[in-house]
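Work through the exercises below with the sequence and the structure at hand. Each task is followed by a worked solution.

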Amino acid sequence: MMWLVLIFGPLLFMSGITMLMGQFFTKAGVDVAKSRIPVLNVYHWMPIIDRKPWWLILMFLPYLNIILIIWMVTELLKAFGKRGLGEQALGIFFWPAYLPYLNFKADLKFEGKVEVKRSTGSEWADALLFAIVAATIIRTFVFEAYTIPTSSMEGTLLVGDFLFVSKIHYGPRIPNTPLTLPLVHRDIPFVGGKSYIESPQLPYYRLPGFQSVERNDMVVFNFPMEDDFPVDKKMNYIKRCVGLPGDKLQVNMGTLMINDEVAYQAKEQQGLFQVTYIKGMPNSVGGYVQSFSPAINGRRDCQFVDVNGLYKAYPDLKKIAEMGINLCDFTPYSATTDYLRLPVNDSTKLKALASLPYVQNIQRIIYEPNRPGAFDGGNMFPFGRVDSTVWNNDNYGPVNIPYAGLTVPLNNETWPFYARAITAYEKVDIQKRNGKFILNGAEVNEYTFKMDYYFMMGDNRHNSEDSRYWGFVPEDHIVGKAWFIWLSLDKFKGWFDGKLRWKRSFTVVSNME
């Protein structure tokens, strides 16, 4: 039903506005009665703007029909002499009000398709304005470009993958923050500062999509913990959705369990390994890499490593990169030991690394229950549990994921799991005082959720900041589905040495599983 709204809604809306445009028809020599015939009145725009009727086929393609309407409006304004940048901008952004307003102006004059001599600057300005509007509509409602910045999804999605994120799979969100610069997310490029005005904030609403979020989808979402930003201006993260609303999630000795059954394991899912080198090594591989990585905010950031300097100083490291192993995934533990993330279902890279003469031993690490891991420090969601056992990356949960309509009791055991979802995401000011839960001065003993929630995890399970650390992702934070890799570059290789990953470029993400 909602897809019918997306297909016919814009057409019917435009038809309704056209009924208020009788003077446009009359001045163009078209019978005014034709402006009052629902749906067909849109067809009669075409001779006025001197375009073939077949263009109207686009009117029946969701989202593209919005771009078509804007183009038809700009052409109509030109036909009536409204070619100025300001007049075109009013037509593009406020056409439902601007066209009826012009309809009742006495000086409305039809000029038809006139070749007007215009300055190059004016022509470029018009073209740029239309391009920006069209690109903004596509970016908001159809798809958006995204780059994989970290190794949290390796080896399924790699650092250097450039992909398109589909908004139409789950349905595009109406922007919460309408007053924003086009084609930028949060910060103004080059000069810095916010690219948006926070007020007004529109309520959450999502147009219908092809599907709902499915278990094991690779999903782009707004990072929930950034409370200082509007929802649609929070940083974009990409993870695998491993838990759906209503699921029970648990990790036992490194094995993910959903509803007490072993969950899907990605082909390239990575685990944690300890690499021990022969004695006499001046440094570990991770130590070498970090020595050529700049310090950013007090931490060595491998994403900006000096690759040429690294290979010049330590040529053997190039052999490791050629194995398809991300050098950024070597974390130094000592001069002769690294922690490394490698695929757990494919031993090819493991065997290749073990064959190097300076590698003594490689052993997979799985954290024991009730002890912190080397990288999580025991600092896992939810915080303040009554149960004093320590959760880690390999032994976590159980956690019950809330869904819209679920009613949960409020007590000391449930509050750590659901407090943030209730207060931060659903904006309900329930406060815990002296062991009681107070809302608007009255004690409450239960809460019914308004939204669905999801649990996200990276495929690089020991190097991923995900729901295990900050909890559930609410449905209004979902951006879209990772859809298509159009380019993939390996920063540890040169342009003539395999930098362009041809096998990954122009690949549908779901086909990589």
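**Exercise 1.** Which residue just after H5 takes a positive phi?

Solution. The model is predicted, so local features need pLDDT of at least 70 and side-chain atom pairs count only at pLDDT 80 or more, while totals for chains, interfaces and linings use all residues. Residues are numbered from 1 along each chain as its sequence is written, and side-chain values use heavy atoms, with hydrogens and water left out. Helices (H or I, at least four residues) and strands (E, at least two) are DSSP runs, numbered from the N terminus. Just after H5 comes Gly 81, with a positive phi of about 80°.

**Exercise 2.** Describe the largest nonpolar core.

Solution. A nonpolar core is a set of buried Ala, Val, Leu, Ile, Met, Phe, Trp, Tyr and Cys residues joined through side-chain atoms within 4.5 Å. The largest one has 48 residues, and Tyr 396, Ile 422, Ile 430, Phe 449 and Ile 478 touch the most other members. Elements that each supply at least two residues include strand E4 (236-243), strand E14 (396-400) and helix H12 (415-425). H12 gives the most, with eight residues. Another core, of 29 residues, lies apart from this one; among its members are Met 21, Val 30, Ile 69 and Trp 71.

**Exercise 3.** Classify the ring pairs Tyr 237 with Trp 470 and Tyr 277 with Tyr 358.

Solution. Rings of Phe, Tyr and Trp (its six-membered ring) pair if their centres lie within 6.5 Å; planes under 30 degrees apart count as stacked, over 60 as edge-to-face and the rest as tilted. The whole structure holds 33 aromatic pairs. For Tyr 237 and Trp 470, the centres are 6.4 Å apart and the planes at 75°, so this pair is edge-to-face. Tyr 237 belongs to strand E4 and Trp 470 to helix H13, 233 residues apart. Both residues are buried. For Tyr 277 and Tyr 358, the centres are 6.5 Å apart and the planes at 35°, so this pair is tilted. Tyr 277 counts as buried at 2% relative accessibility, and Tyr 358 at 12%.

**Exercise 4.** In what order do the four strands of the open sheet stand, and which are at the edges?

Solution. Two strands pair if DSSP finds at least two bridges between them. The order is E7-E6-E5-E14, with antiparallel pairing. Strand E7 (261-262) and E14 stand at the edges with a single partner strand each, so one side of each has no neighbour in the sheet. E5 and E14 are joined by three bridges, and Val 251 has Tyr 396 in E14 as its bridge partner.

Notes:
Buried means under 20% relative accessible area, exposed over 50%, partly exposed in between (1.4 Å probe, protein chains only).
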